[in-house]
Amino acid sequence: MPVYSMTGYASASSQSKPTGSPSDNQAQQTTANASVSVEIRSVNGRFLDLGFRMPEDLRGLEPALRELLTAKLKRGKIELRINTQREGDSHWPQPQPDQLNKLSRLQDTVQGWLPKAQALSVHEALQWCKGSGNASEKLDEPAMEAARACIQGLLEAREREGEKLVAILLERIQHLRQLADAAEPMLPAIVQRQQQRFLERWQEALVTTGAGQTIPEENLRERALNEAAAYAIRIDVAEELARLRAHLEEIARLLKKGGEIGKRLDFLIQELHREANTLGSKAAALELTNISVEMKVAVEQLREQVQNIE
């Protein structure tokens with residue numbers, strides 16, 4: 001399965017299809033020239049957060065659009081925007097006889113009950129005819145058609161972005177492996193060197209305090225070796241390097257598997273950061289400290305990229 005980024009953009013548009021009786025030529029032309037454009041923007045987020053911006057006459061489509069999005073997307077902050085364009089938006093409306101007859105009957109009824117009511121102006125009549133064509137209802141189907149195409153385009157964009165993220169992550173993983181490989185050969189020599197320093201300081205402390213004159217030499221030697229061994233265990237970072245390699249292998253496996261891996265990668269990155277911190281705190285030599293710092297930088301770069309994976 002591919003790895004999807006949570007960042008993407010797509011747009012699509014659709015033309016409405018003419019409907020109505022063959023005699024209603026003007027209405028057919030107006031509807032056929034209506035169009036719907038859909039835009040979707042997606043950025044990273046911990047959960048799926050959907051936002052809609054659309055004309056009020058299309059607000060009834062929100063449940064269906066929400067269902068489409070939740071079926072295809074699992075994480076990210078999504079904003080879906082719908083814009084409509086009709087021929088009547090930029091041209092004078094062309095009133096139909098049935099519209100004018102209906103408007104005249106309504107006006108007569110109102111004036112029959114309210115004799116002082118003023119007659120409709122030409123502008124008011126044109127506005128009523130423009131808004132009574134039910135074109136908004138006819139745009140539901142093209143709006144859904146454009147939304148489906150736009151969602152598919154978004155998935156393709158997120159997949160392309162995901163491929164780039166995988167390449168970056170694999171490069172960082174390889175760098176961390178190289179750092180671990182560079183640190184491992186240093187461990188025996190560093191541990192032995194630090195043990196020798198510990199024993200030298202132990203002897204200096206015995207001379208300074210005069211403890212060597214009151215405690216048998218054999219007991220002092222045994223205690224010194226036990227303390228040196230315990231110190232060597234405390235500064236040994238072989239386990240941290242082994243766990244770090246295991247986490248890197250798991251991350252590489254997930255990237256190869258694909259799918260919804262963002263949350264699992266978040267957890268593994270936290271574990272990588274923990275191991276790099278422990279390596280730095282236990283480092284008994286400048287060489288290991290420098291490697292730990294480079295590891296932390298690489299892990300932080302991994303974290304930044306993983307934040308964008310679904």
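User: Is His247 buried or exposed?

Analyst: The model is a predicted one. In it, His247 has its place in helix H10. A residue counts as buried under 20% relative accessible area. His247 has a relative accessible area of 16%, so the term that applies to His247 is buried.

User: Which residues does His247 touch, not counting residues up to four places away in sequence?

Analyst: Contact here means heavy atoms within 4.5 Å. With residues up to four places away in sequence not counted, the residues that His247 touches are Leu268, Glu271, Leu272 and Glu275.

User: In the largest nonpolar core, which residues touch the most other members?

Analyst: This core has 31 residues. Those that touch the most other members are Leu176, Ile251, Leu255, Leu265, Leu272, Met295 and Ile309.

User: Which helix gives the most to this core?

Analyst: Two or more residues come from each of helix H7 (140-183), helix H10 (238-257), helix H11 (262-282) and helix H12 (286-306). With eight residues, the helix that gives the most is H7.

User: How many residues are in another core, the one that lies apart from it?

Analyst: Among the members of this other core are Val36, Phe52, Leu65 and Leu69. The core lies apart from the one described above, and its number of residues is 26.

User: With which side chain does the side chain of Arg172 make a polar contact?

Analyst: Arg172 lies in helix H7. Not counting residues up to four places away in sequence, Arg172 touches Ala298, Gln301 and Leu302. The polar contact, at 2.6 Å, joins the side chain of Arg172 to that of Gln301.

User: How many salt bridges are there?

Analyst: Side chains of opposite charge can pair when their charged atoms come close. A pair counts when a side-chain nitrogen of Lys or Arg is within 4 Å of a carboxyl oxygen of Asp or Glu. By this rule, the number of salt bridges is 17.

User: How many residues apart are Arg75 and Asp266, whose side chains meet in a salt bridge?

Analyst: The N to O distance in this salt bridge is 3.9 Å, and both Arg75 and Asp266 are buried. Arg75 is in the loop between helix H2 (62-72) and strand E4 (76-85), whereas Asp266 is in helix H11. The pair therefore links distant parts of the chain, and the separation of Arg75 and Asp266 is 191 residues.

User: What is the N to O distance in the salt bridge of Glu250 and Arg253?

Analyst: Both residues lie in helix H10, three residues apart, which is about one turn of the helix. Glu250 is partly exposed at a relative accessible area of 22%, and Arg253 is partly exposed at 39%. Their side chains meet with an N to O distance of 2.7 Å.

User: How many residues apart in sequence are the parts that Glu250 and Arg264 tie together?

Analyst: The side chains of Glu250 and Arg264 meet in a salt bridge of 3.4 Å, N to O. Arg264 counts as partly exposed, at 43% relative accessibility. Glu250 lies in helix H10 and Arg264 in helix H11, so the parts tied together are separated in sequence by 14 residues.

User: Is Trp113 buried or exposed?

Analyst: Trp113 is found in helix H4 (residues 97-113). Together with Val110 and Leu114, Trp113 makes a nonpolar surface patch of about 390 Å². Exposed means over 50% relative accessible area. Trp113 is at 74% relative accessibility, so Trp113 counts as exposed.

User: What share of the residues in the protein chain is buried?

Analyst: The protein chain holds twelve helices and four strands. Of its 310 residues, the buried share is 35%.

Terms used
Residues numbered from 1 in each chain as written. Predicted model: local features only at pLDDT ≥ 70, side-chain atom pairs only at ≥ 80, totals over all residues. Heavy atoms only, no water. Buried < 20%, exposed > 50% of the residue type's maximum accessible area, 1.4 Å probe, protein only. Patch = residues over 30% accessible without salt bridge, like charges linked within 9 Å, V, L, I, M, F, W, Y side chains within 5 Å. Areas by Shrake-Rupley, 256 points an atom, 1.4 Å probe, with all protein chains shown as cover. Core = buried A, V, L, I, M, F, W, Y, C linked by side-chain atoms within 4.5 Å. Polar contact = N/O pair within 3.5 Å; in protein donor to acceptor, adjacent residues only side chain to side chain.
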